[in-house]
Amino acid sequence: MSSAEMLHVGRPISRVDGRLKVTGQAKYAAEYPAADLLHGCVVSSTIAAGRIIRLHTDRARAMPGVVEIFTHENSGKAARQDEDWRDDIAPPGHPLRPLHSDRIQFDGQPIALVIAESVEAARDAAALVRAECAIEPHCTQLEAKRSQAYVPPEKRSGIPPPSDPRGEPEQAFAQAPIKFSREYRVHAEHHNPMEMFASTCVFEPGGKLTIYDKTQGSQNVQSYVASVFGLKPANVRVINHYVGGAFGSGLRPQPQLFLAVMASLALKRSVRVALTRTQMFYLGYRPDTFHTVSLASDHQGTLLSIMHDAVAETSQYEDYQEALVNWSGLMYRCDNVKLSYQLAKLNKATPCDMRAPGAANGVTVLECAMDELAHELDIDPLELRKLNFASMDGNTGKQFTSKALDACYREGAAAFGWSGRRREPRAMRDGHELIGWGVSTGTWEAFLQTASARARLTDDCKLEVSTAASDIGPGTWTILTQIGADALGLPLEAVSARIGDSTLPASPVEGGSWTAASNGSAVQAACEAVKHTLFKRAQRMANSPLADASFEHIEVKSGGIGRKDDPRRSLSIAEVMHAADLTEIVEDGQASADPEQAKRYVSYTNSAVFAEVRVDEELGIVRVARIVCATAAGRILNPKTARSQILGGVVMGIGMALHEEAMIDHRLGKIMNHNFAEYHVPAHADVDDIEVIFVDEHDDKVSPLGVKGLGEIGIVGTAAAVANAIFHATGKRVRDFPITIDKLLAA
Amino acid sequence: MNRFEYVRPDTVAHAVKALADRDARALAGGTNLVDLMKYEVTRPSRVVDINHLPLRQIEPAPDGGLTIGALVTNSELAWDPRITKRYPLLASAILAGASPQLRNAATTGGNLLQRTRCYYFYDPSTACNKREPGSGCSAIGGVNRIHAILGASDGCIAVHPSDMCVALAALEAVVNVEGKDGKRSIPFSAFHRLPGSEPQHDNTMLQGELITSITLPASDFGSNHTYLKVRDRLSYAFALVSVAAALKLEGGEIRTARVALGGVAHKPWRDPDAEQALSNSPGAP
């Protein structure tokens with residue numbers, strides 16, 4: 001589809017589901033009613049390692065309304081093999097089986113489920129369950145296990161391990177005139193989407209289940225439930241029409257899903273299990289990571305060696321992996337590169353993907369090191385990045401399908417006023433505040449996943465497009481509607497999207513920023529197939545004005561199908577369908593990556609982030625006064641929802657720079673700030689002016705729509721830009737994120 | 001949350017009677033009590049909803065000050081013209097705390113009685129002398145960067161979390177309470193207490209007493225004052241440290257200085273040394 005044919009794609013259309021959401025009509029997993037619904041409340045372990053000797057449930061059982069209490073001694077029947085518990089996204093290891101045994105491997109692990117007739121009875125009874133445990137030694141401190149870190153023996157599917165060393169990185173480092181090694185740390189961040197995890201499992205007579213689940217993938221949940229409980233997939237329907245934010249936390253099935261289904265099957269009743277905000281802290285999280293980054297350059301700033309070694313935490317039972325150091329081998333041109341990535345096992349839940357997993361933290365430390373190098377060299381940090389621009393991917397030797405990063409640097413710098421920057425730190429001041437300007441590059445892989453969609457065009461010119469995608473907030477409902485409308489020349493009001501249902505055409509989980517490109521392209525393909533069928537039917541009509549036309553000459557618009565070059569030669573959609581005795585045309589479409597192209601090309605979204613901070617030197621208070629984020633992401637389907645994605649990512653990046661951190665009492669192995677009062681994310685006052693720029697980037701290879709995806713890129717680089725601005729303001733380099741007042745005053 | 005009896009008296013006398021039980025708790029805005037109940041930190045046998053008591057007035061006090069009813073919300077108080085004009089230090093301290101939504105619900109009396117934000121106090125799976133006397137203090141040696149640096153004891157290093165109370169300490173407010181033995185007034189400095197060996201007691205109120213109002217003295221420090229709060233984010237965070245400072249100037253010299261610190265101790269911390277050093281001084285370094 002050329003831009004000329006696009007009336008809706010590329011325009012700032014408001015969310016088609018916006019009104020439903022702001023009026024409370026959009027239903028979330030814990031809001032669906034069911035007849036005779038039972039309520040479950042999870043009892044969590046309060047120790048980090050050990051064995052359950054006995055669970056005292058007598059007082060809880062005596063509470064009026066309590067129906068059953070499940071523990072490892074009476075949990076329902078479930079699969080025995082690890083493979084049956086492994087969902088699409090699972091890392092290698094032994095997936096958590098809630099209530100499987102007496103073994104406790106992390107604080108907060110589910111150890112019992114109280115089922116009652118009311119949510120209040122379940123909650124109050126759960127507080128009365130007492131666990132008698134044999135406590136075993138635990139470790140929740142990454143520094144204590146750093147020396148025992150190991151290279152994960154089995155790779156996680158979909159996560160490229162660090163590329164092999166290239167050149168002579170150590171020798172080049174030794175011989176280089178300018179060089180340093182720096183230690184960085186990015187503390188664990190916890191997922192806290194607004195909607196907490198919940199599953200409402202509706203038990204139907206005959207054993208069919210309809211599960212309303214908070215998930216980023218209805219079909220991932222469907223196959224997990226079928227496999228864990230030995231059910232026919234056809235008997236398990238999963239619905240996630242609306243998802244109140246997820247950011248990766250909903251990629252894998254969470255424990256409340258297993259618990260709700262287990263209880264539902266055992267009691268033959270509908271069951272809802274919802275987690276509390278505190279329990280959200282016992283799910284996956286962005287892992288705590290240590291980094292050693294070594295950079296070497298010549299006197300002009302040309303990079304001669306890059307080495308990036310990282311150690312990340314994982315659980316006792318799984319080897320969670322993310323692409324943490326790979327970025328250091330591809331963001332800049334350098335012939336001598338060495339990367340390593342190791343894991344250390346702690347008594348915590350398995351980490352999980354969190355917005356730009358691996359990049360949000362891995363790119364941050366590289367970009368801080370680049371700023372340190374610019375300072376060593378006394379050159380402008382933006383110039384240093386331009387000087388080392390990578391025009392191909394050094395890790396794979398492949399070309400980029402497109403890379404308009406130079407435009408991001410240029411347009412971002414112009415909007416920010418970067419040319420007015422004084423190079424030396426502490427040079428800018430306003431009253432009692434020091435002013436600092438920092439920059440960072442951001443990058444994230446642009447994926448195209450295999451996805452399917454269906455298009456249904458009815459004789460009244462109404463189009464329904466459907467795919468089992470999820471909308472975790474970015475605006476998937478809206479962009480699929482826009483794509484469908486343009487594909488068949490219809491007004492937006494004539495198009496409806498259906499997503500969030502496992503019975504719809506196959507879709508991957510919504511993650512990795514791939515949904516717009518993948519499901520969007522599948523919808524486009526399905527609509528194209530409808531158009532083709534319509535054309536064939538039109539040609540077959542008696543005296544068809546399109547008899548001698550070829551498909552390329554045809555357009556479908558305003559309820560008709562006709563020749564582009566002669567609008568008089570056309571038929572209405574209704575007359576074509578009626579002539580063929582049809583009331584609707586239904587076709588499927590698919591999108592998938594081209595394996596031939598993948599041999600030669602890689603695709604990345606790129607950005608340049610500029611930050612201004614103001615630091616009260618005496619008090620150590622940091623304000624992020626403004627951010628400019630310029631992004632190259634191919635075609636922008638909807639500038640309004642796209643901008644929102646970047647805004648949200650930038651805000652999370654500010655949180656990574658200054659606020660977010662799980663505070664763990666390592667003696668107890670417990671997270672202590674497990675609520676929104678004490679686990680800090682940026683408040684409104686912490687977020688000032690954010691300017692979002694999308695630079696022009698044409699990419700005819702990344703996906704049929706030319707789309708790269710925007711869910712992740714906004715967070716990548718933001719924390720580094722803020723940290724670099726803090727250095728520029730104060731001359732103090734804090735290499736431990738988040739940069740809190742105490743660290744800054746002590747630096 | 002435990003099961004509890006709920007009563008809703010409409011006179012102070014009835015409320016005081018209902019509060020006589022050791023495990024009874026007064027409910028006003030509920031912004032702290034309800035959380036404490038959800039976390040199983042407080043398990044009252046009876047909740048005494050005092051929202052129907054006639055304690056919502058701000059009135060002139062006999063000595064020229066103001067008397068503020070215990071149920072006046074934090075928002076009403078912060079934006080009342082008599083407060084913004086005569087006691088702006090109090091207004092700015094209130095607005096430095098919580099969020100608009102919380103301030104709309106939270107009350108004057110409740111603000112004084114809010115419990116510490118010590119992480120361990122809120123987590124019943126850990127030892128805490130304030131929650132469970134004699135069980136120990138997990139915060140000592142634990143996660144405690146927001147804890148006390150002044151006046152702590154071996155048994156408790158928790159801090160009082162209020163911003164409003166820091167200003168009230170500087171302004172030398174008086175807390176008026178009523179109990180089964182009648183009414184009494186407690187100077188603000190004697191209202192909150194240090195933890196010592198009984199950290200379970202945040203203040204010096206007696207069993208069954210109810211705050212009915214606070215009185216602000218006539219002397220108002222309306223012109224020269226500041227409330228400065230340092231916290232881990234720019235809004236909606238408890239103070240790492242805060243200071244309420246107020247000066248009375250005469251002929252360009254500081255006659256009287258009041259300095260109270262927040263976020264550093266089990267009670268709002270008046271600093272007499274700083275006050276003395278500033279008082280009767282030219283004011284400039």
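Guide: Welcome! A residue is called buried if 20 or more other C-beta atoms lie within 10 Å of its own. In this predicted model, buried residues make up 58% of the 747 residues in chain A.

Visitor: What makes chain A as compact as a globular protein of that length?

Guide: The globule rule takes 2.2 Å times the number of residues to the power 0.38. For 747 residues the rule gives 27 Å, and the radius of gyration of chain A is 27 Å, so chain A is as compact as a globular protein of that length. The C-alpha atoms of chain A fill a box of roughly 85 × 70 × 50 Å along the principal axes, and the chain has 19 helices and 34 strands.

Visitor: Why is helix α8 of chain B said to be largely enclosed?

Guide: Count its buried residues: 8 of the 8 residues in α8(B), residues 164-171, are buried, so the rest of the structure largely encloses this helix. Among them are B:Met164, B:Cys165, B:Val166 and B:Ala167. Just after α8(B), B:Glu172 takes a positive phi of about 55°.

Visitor: How do you know which residues B:Ala167 is in contact with?

Guide: Two residues are in contact if their C-beta atoms, placed from the backbone, lie within 7 Å. Leaving aside neighbours within four places in sequence, B:Ala167 is in contact with B:Leu89, B:Leu90, B:Ala93, B:Tyr227 and B:Ala244.

Visitor: What is the largest nonpolar core, and which residues have the most contacts inside it?

Guide: The largest nonpolar core has 159 residues, and B:Ala167 is one of those with the most contacts inside it, as are A:Val114 and A:Val261. This core draws at least three residues from each of domain 1 and domain 2 of chain A. A second, separate core has 151 residues, including A:Leu303 and A:Met331. In soluble globular proteins, nonpolar side chains tend to be buried together.

Visitor: Why are β4 and β6 of chain A said to stand at the edges?

Guide: The open sheet has 3 strands in the order β4-β2-β6, with antiparallel pairing. β4 (103-104) and β6 (130-135) each have a single partner strand, so one side of each is left without a neighbour in the sheet.

Visitor: How do you know that β2 and β4 of chain A pair?

Guide: Two strands pair if DSSP finds at least two bridges between them. β2(A), residues 50-56, and β4(A) have 2 bridges in the antiparallel sense, and A:Arg103 in β4(A) is the bridge partner of A:Arg51.

Visitor: How many residues does each chain bring to the contact between A and B?

Guide: Chain B brings 20 residues and chain A brings 25. On the chain B side, 8 are nonpolar, 6 polar and 6 charged.

Technical notes. Residues numbered from 1 in each chain as written. Chains lettered and ligands numbered in written order. Predicted model: local features only at pLDDT ≥ 70, side-chain atom pairs only at ≥ 80, totals over all residues. Core = buried A, V, L, I, M, F, W, Y, C linked by C-beta atoms within 7 Å. Buried ≥ 20, exposed ≤ 12 C-beta atoms within 10 Å, placed from the backbone. Domains from an automatic or database assignment. Nonpolar A, V, L, I, M, F, W, Y, C, P; charged D, E, K, R; others polar. Helix = DSSP H or I, 4+ residues; strand = E, 2+ residues; numbered from the N terminus.
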